[in-house]
Amino acid sequence: MKKIQPASNPKVEQLKTHVVDNANQRLTTNDGSPIYDNNNTLKAGNRGPSLLQDHVYLDKLMHFDRERITERVVHARGSAAHGVLEIHEDITAYTSAKFLQKGAVTPLFLRFSTVAGFRGSTDLARDVRGFAIKFYTEDGNFDLVGNNIPVFFIQDAMNFPDLVHAVKPEPNNEMPQAASAHDTFWDFISLMPEAAHMVMWAMSDRAIPRSLRMMEGFGVHTFKLVNAEGKGTFVKFHWKPKLGVHSVAWNEAQKISGFNSDFHRQDLWEAIEKGNFPQWDLGVQLIPEEDELKYSFDILDVTKIVPEEVVPVKIIGTMTLNRNPENFFAETEQSAFDPGRLVPGIDVSDDPLLQGRIFSYMDTQNYRLGGPNFHELPINRSVNQKHNNQLDGFAKSDILKGEVSYFPNSKQAGCPYQAMLKGETGFQSHKQPVDGKKVRERSDSFADHFTQARLFFRSQSPEEQDHIIGAYSFELSKVTDPKIRERELAILYQIDEALASRVGENLNITPPKELDPLTLQFVRQNHPNYPIKPKKPEVEKSAALSMKVKEGKGTIETRKVAFLVENGVSKASIDALKSALEKEGAEAVLIGPKVGPLKLKEGGTTDIAHTYFTDKSVLYDAVYTPAGDSVGALKANPDYYEFLNEAYTHCKALAFAKGTESLMEKSFVEKDAGVILEEGGDWTQEFVNAMKMHRIWEREKARKVPS
Ligand code: HDD
């Protein structure tokens, strides 16, 4: 991975002016008065009652009592980092946006999130991941508030509060936390076939990423690029991770949630601290305005992708995350994203979900951050100084100079002036013709809910399909109302018969062949003539939708390999694999019986920071047993066997140094392509190659990976 030093940029410099460094400083009150004693309240006598005049205590407690703010109504759990976007292709023909011009380098802040859980919930929930980016461009902030899944559950913003109420913990008992596996979610979903496509993604391994650094990102909606002549081009934004797209198994995800619920947050933080800066390519799918109605699907319908085989993704730039926030609350928590933050050269399309979002985000930030001045918070400030006549409000920090705060004015020579008055461009909405009656209706071009869900399912490898079936079976088994299960199976039947019957088998239900009357009744509210014959799709399969690593394509950069050791382990045996892994950018982590020094066979000690008490195989990508006088202790260690067995079940690569093979006998590890023995040949390379495939999929026969 290319290690780029975090060069300074205008946003970094701006933030620096707000950073407070307490090193070598005296303690003060909030008003700067030096504090003499920070241990004792002011009392009438040292055993007497406290005094109300203790302004030092009042100052401290008044602030403490107000430390918490309202968490985000969705996407409350998040982790973020600073970075830059560099553009290396010329797309001036499509957009005048300055930050998308070849050679432009733009500072940005990216916040990843889960959707349903509260702020303190686990990172490994089965959920969509938010992928929200604020670009600090010279023309102001542009926010691309996307997800790691390219489609959405609903087509119209009117349904958003209902969707969120259905998936969040149920209102009577506030259960379950950060999980969609409950009645209300599936009740709603089984009445809304428009969600079928996105639910398929959410039931796939995409919803349990191995790392935030190994996820794709999508702008999701169709947006518009606008060039200097005012010509519009529809666009879909894609972020393609340099480390590939990878996930954990559901069984692992649930265990990781117990062993380290900050797994993704810590992984992102540590990668950046170590200089392993995560990178994504920025890709665009460009659709000429003339082609708006050309496809079998409607490009304004957010439940549809534009298959990459139909419109290729053109790579135009690279995003690098290269700096952790200085302070979680000030930056990550107070960051306020809004799809309505647009800059010249980019505009919204008529997608009714996108249109509805434009209101919701600004409104929620006003509430969550306590008033209309949230854009003056350091993390939200544009790098170009804003100039307008907006005044006052809670927590105003800009100090407007002079007596003029209105437009037009003559006292300040008409300033701040409108761009048009000086022949400058400024933000101009794309001049698209609009004609229509005011109606609350849904276009019938939005009525095909199953073709792309089928495309997704049929584009998956057999193992990925098994995981999807497992996920539906898990979630629907948690649903207590049998009618809801049946209603959902009727939807699955419309997508793919085999999918429906395999999930049905696990639930003891024969899938109904027709949609449930309640579901139909609901769909006909939007489409009175439903069912409407879908158009023939352009493609039946799309290779880009499968995450399975193509032979020879993988990388093991930043992957972590557990070296299982006990006293007496051989340093030479450790080093043999360690150096091979480090050459590939991976990391060897010794797991020993206790923290502190561990005796080496060759004499001397090595320091152990990770132990069998704290670290489990689910936190690692592969496992190695080095040789030495440690074999006896390993043989007697049940934690060692738990480690091996779990790594094996989760289809990870395992290596055994010469003399440790016998340890396999007491485990249920069986020799296969992913179990590498140190016996002649280039075993370290074989191990690296096995890891590059991410998982040893051949090992995964049905039910080998527990649900
Ligand atoms: Fe949303 C937050 C992504 C539809 C209303 N949304 C939020 C965040 C992400 C998304 C990544 C977290 C931003 C952050 O890190 O602070 N939302 C999406 C995507 C959608 C989508 C990709 C569909 C394509 N959202 C959507 C709709 C509405 C909202 C239709 C309402 C009409 N979303 C919100 C919100 C949130 C939010 C209530 C909660 C916290 C916040 O905005 O800042 O306004």
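Which residues does UniProt list for "active site"? The unreviewed UniProt entry lists His 75 and Asn 147 under that name; positions from UniProt follow the numbering used here, feature names are shortened, and annotations may be inferred rather than shown by experiment.

## Basis of the model

Residues are numbered from 1 along each chain as its sequence is written. This is a predicted model, in which local features need pLDDT of at least 70 and side-chain atom pairs count only at pLDDT 80 or more, while totals for chains, interfaces and linings use all residues.

## The annotated active site

His 75 lies in the loop between α2 (55-64) and β1 (78-87), whereas Asn 147 lies in strand β4. Helices (H or I, at least four residues) and strands (E, at least two) are DSSP runs, numbered from the N terminus.

His 75 counts as buried because it has 23 C-beta neighbours inside 10 Å, and Asn 147 counts as buried with 25. The term buried applies if 20 or more other C-beta atoms lie within 10 Å of a residue's own, exposed if 12 or fewer, and partly exposed in between, with C-beta atoms placed from the backbone. Leaving aside residues up to four places away in sequence, His 75 touches Ser 113, Val 115 and Gly 130. Contact requires C-beta atoms, placed from the backbone, within 7 Å.

## Surroundings of the ligand

Among the 27 residues around the ligand, Arg 72, His 75, Arg 111, Gly 130 and Ser 360 come nearest. The elements that give two or more residues to this shell are β2 (105-114), β3 (129-137), β4 (140-147) and α9 (352-368). A residue is near a molecule or strand if its C-beta atom, placed from the backbone, lies within 6 Å of it. The largest share, seven residues, comes from α9.

By class, the shell holds 12 nonpolar, 12 polar and three charged residues. Ala, Val, Leu, Ile, Met, Phe, Trp, Tyr, Cys and Pro count as nonpolar, Asp, Glu, Lys and Arg as charged, and the others, Gly among them, as polar.

The unreviewed UniProt entry places the feature "binding site" at Arg 72, Arg 111, Phe 160, Arg 357, Tyr 361 and Arg 368. Arg 357 is in helix α9, and Arg 368 is found in helix α9. Arg 357 is partly exposed, with 19 other C-beta atoms within 10 Å; Arg 368 is partly exposed, with 16 C-beta neighbours inside 10 Å.

Not counting residues up to four places away in sequence, Arg 357 touches Ala 157 and Pro 339. With that exclusion, Arg 368 touches Ile 69, Thr 70 and Arg 72.

The protein chain is divided into domain 1 (78-184 + 211-376), domain 2 (448-545) and domain 3 (560-699), with bounds from an automatic or database domain assignment. The centres of domain 2 and domain 3, taken over C-alpha atoms, are separated by 42 Å. In the unreviewed UniProt entry, the annotation "domain: Catalase core" covers residues 28-415.

In helix α15, Ser 573, Ile 574, Leu 577, Lys 578 and Leu 581 are buried. The buried residues of α15 pack against β11 (560-564), β12 (587-592), β16 (622-625), β17 (653-656) and α18 (683-692). Just after α15, Gly 585 takes a positive phi of about 85°.

Key. Two residues are in contact if their C-beta atoms, placed from the backbone, lie within 7 Å.
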